[in-house]
Amino acid sequence: MTTRGVLYVHSAPRALCPHVEWAVAGVLGVRVQLDWIRQPASPGTWRSEFSWQGEPGAASKLASALRGWQLLRFEVTAEPCPTAEGERYSATPELGIFHAVTGIHGDILIPEDRLRAALARSVQGETDLEAEISRLLGKPWDDELEPFRYAGEGAPVRWLHQVV
């Protein structure tokens, strides 16, 4: 059984780019050569996008292989398959790594125990419920990565058309 996914390297210093390729190749077991373009949101950094196919769990292995590099911003997604839910990982130098399980339509699925814990912390006055839910949905990571997601000059763009 295999799944498919995408690795988005939103920003990496030039010296780190070959190391990213080696890490991805090590996880997927195939030679990888990414197409790097400049990242206008962070001068001096580069970005790339890579569609991959592998065993369920490959997204977590990719995220683990890349998470230790301080200046790297990335996201890894995996589509659901018959034996595994979908996944999304987001990482930034400031926030660290975020993980979410995703459903067949890409929605983040928050486990019941995590919702109950967020509610309990809110009731006890430890935190604000809205902030807790926002964190469970990965909003701080989305807010930080959004400027890096926009296609820069020369970036591949996928046009999506809404069917009504």
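What is the volume of the second largest pocket? About 270 Å³. This is a predicted model, so start with its confidence before going in.

**Stop 1: colour by pLDDT**

The mean pLDDT of the protein is 91. Of its residues, 91% reach 70 or more. Now select residues 157-162. Here pLDDT stays under 50. The model gives this stretch four contacts beyond four places in sequence. Where pLDDT is low, the predicted coordinates should not be read in detail.

**Stop 2: the second largest pocket**

Select Thr77, Ala78, Glu79, Glu87 and Thr102. Of the 16 residues that line the second largest pocket, these are the closest to its centre. Next, show three strands: S1 (3-13), S4 (73-78) and S5 (86-92). Each supplies at least two residues of the lining. Which element gives the largest share of the lining? Strand S1 does, with four residues. Now colour the lining by class. Five of its residues are nonpolar, seven are polar and four are charged.

**Stop 3: His10**

Stay on strand S1 and select His10, which belongs to that strand. Is His10 buried or exposed? Its relative accessibility is 4%, so His10 counts as buried. Show the side chain of Glu75 as well. The His10 side chain makes a polar contact with it, at 2.6 Å.

Then display the neighbours of His10. Leaving out residues up to four places away in sequence, His10 touches Gln39, Trp46, Arg47, Arg73, Phe74, Glu75, Leu145, Phe148 and Arg149. For a distance check, pick the C-alpha atoms of His10 and Ala63. The two residues are 53 residues apart along the chain, and these atoms are separated by 13 Å.

**Stop 4: Arg14**

Move along to Arg14. It sits in the loop between S1 and helix H1 (17-28). How accessible is Arg14? Its relative accessible area is 45%, so Arg14 is partly exposed. Beyond four places in sequence, Arg14 touches Trp36, Gly44 and Trp46. Now pick the C-alpha atoms of Arg14 and Gln70. They are separated by 14 Å, with the residues 56 apart along the chain.

**Stop 5: Thr45**

Select Thr45, in strand S3 (residues 45-54). Thr45 is buried, because its relative accessible area is 12% and the cut-off for buried is under 20%. Follow its side chain to Ser42. The Thr45 side chain reaches the backbone oxygen of Ser42 at 2.6 Å. Now show what surrounds Thr45. Not counting residues up to four places away in sequence, Thr45 touches Ser11, Ala12, Pro13, Ile37, Arg38 and Gln39.

**Stop 6: helix H4**

Jump to helix H4, residues 129-136. Which residues of H4 are buried? Glu132, Ser134 and Leu136 are. Then step just past H4 to Gly138. Gly138 takes a positive phi there, about 80 degrees.

**Stop 7: Glu146**

Finish in helix H5, where Glu146 is found. Its relative accessibility is 32%, so Glu146 counts as partly exposed. Which side chain does the Glu146 side chain meet in a polar contact? That of Arg149, at 2.8 Å.

The residues lie 100 residues apart along the chain, and the atoms are separated by 16 Å.

Notes:
Residues are numbered from 1 along each chain as its sequence is written. Side-chain values use heavy atoms; hydrogens and water are left out. On a 1 Å grid over the protein atoms alone, a cavity is a set of points where a 1.4 Å probe fits but cannot get out, and a pocket is an open set with protein on both sides within 12 Å along at least five of seven lines; lining residues have an atom within 4 Å of a point. Grid points are joined across faces, edges and corners, and a volume is the space filled by probe spheres set on the points. Ala, Val, Leu, Ile, Met, Phe, Trp, Tyr, Cys and Pro count as nonpolar, Asp, Glu, Lys and Arg as charged, and the others, Gly among them, as polar. Buried means under 20% relative accessible area, exposed over 50%, partly exposed in between (1.4 Å probe, protein chains only). A polar contact is a pair of N or O atoms within 3.5 Å; within protein, one must be able to donate a hydrogen and the other to accept it, and residues adjacent in sequence count only if both atoms are side-chain atoms. Contact means heavy atoms within 4.5 Å. pLDDT is the predictor's confidence in each residue, from 0 to 100.
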